[in-house]
Amino acid sequence: MLLQVILEGLGLGALLVLVCAVGICKGAVGMVHLYSPAVQQRCVKLGLTTHEKIKRNSLLFKAVCVPGYISYVLVCVYGINGARSFAAGFWQLLVILSVMNLMDRLLVDGYWVGHTNAWTIPGTEDLKPYITAKDKQKKWLFGTVGMAAIAAALARIMMFLMEN
């Protein structure tokens with residue numbers, strides 16, 4: 001079962017990478033809502049985008065990704081794997097979300113953003129690294145504590161729904 005849950009986490013991570021690839025397919029400015037305010041401001045100043053487009057893309061990203069990722073993990077854990085208790089749901093959700101978080105931190109942030117030019121926005125190179133040490137600390141903290149909290153909340157919601 002653990003191997004299956006890890007593979008499901010890799011699937012969720014692959015979805016994240018796909019979303020990112022689509023988001024930057026016409027240039028990294030398409031995902032500038034994920035960058036720091038300084039980079040966003042520079043992109044607006046350079047005429048690469050507008051504050052309205054940044055806000056719209058951010059809302060669209062959240063409206064599509066958050067429900068999509070939640071649906072994916074719930075289908076995997078409760079639909080496919082058949083979890084029926086809080087503990088079974090929690091550990092599976094936590095593993096899936098943690099594997100995705102590791103892929104995001106190491107593959108996307110660490111390698112793709114940090115060591116390739118795919119996420120470079122012309123005219124903002126002086127603002128690199130786009131993901132600062134402080135940003136990395138926040139992401140690692142959220143990725144550990146936050147994913148555990150999300151897994152617990154989703155497992156509790158599912159228990160409530162299955163009881164009623």
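This is a predicted model: local features need pLDDT of at least 70, side-chain atom pairs count only at pLDDT 80 or more; totals for chains, interfaces and linings use all residues.
Local features are given only at pLDDT of at least 70 and side-chain atom pairs only at pLDDT 80 or more, while totals for chains, interfaces and linings use all residues. Residues are numbered from 1 along each chain as its sequence is written, and side-chain values use heavy atoms, without hydrogens and water.

V17 sits in helix 1, residues 2-23. Helices are DSSP runs of H or I with at least four residues, numbered from the N terminus. V17 counts as partly exposed because its relative accessibility is 23%; partly exposed lies between buried (under 20% relative accessible area) and exposed (over 50%), with a 1.4 Å probe and protein chains only. Contact means heavy atoms within 4.5 Å. Leaving aside neighbours within four places in sequence, V17 is in contact with L107, V108 and W112. V17 and V108 are 91 residues apart along the chain, yet their C-alpha atoms are separated by 7.2 Å.

**View B. The two sides of helix 2.**
Helix 2 spans residues 37-45, and V39, Q40 and C43 are buried there. These residues lie on the same side of helix 2 because they cover an arc of only 100° around the axis. The arc is that of the directions from the helix axis to the C-beta atoms. P37 and K45, on the other side of helix 2, are exposed. Helix 3 (51-80) is included in what covers the buried residues of helix 2. Just after helix 2, G47 takes a positive phi of about 80°.

**View C. Q92 in helix 4.**
Helix 4 runs over residues 86-115 and holds Q92. Q92 counts as buried, because its relative accessibility is 3%. Beyond neighbours within four places in sequence, Q92 is in contact with M1, V5, V77, N81 and A83.

**View D. Helix 4 against helix 5.**
Helix 4 packs with helix 5 (residues 133-163) at an angle of about 150°, and the axes are 8 Å apart. Axes are lines fitted to C-alpha atoms, for helices over the stretch in contact, and angles run from 0 to 180 degrees between N-to-C directions. Helix 4 is therefore roughly antiparallel to helix 5, a term for angles over 145 degrees. By class, the contact of helix 4 with helix 5 has 17 nonpolar, four polar and four charged residues. Ala, Val, Leu, Ile, Met, Phe, Trp, Tyr, Cys and Pro count as nonpolar, Asp, Glu, Lys and Arg as charged, and the others, Gly among them, as polar.

Key. Angles under 35 degrees count as roughly parallel, over 145 as roughly antiparallel, 65 to 115 as roughly perpendicular and the rest as oblique.
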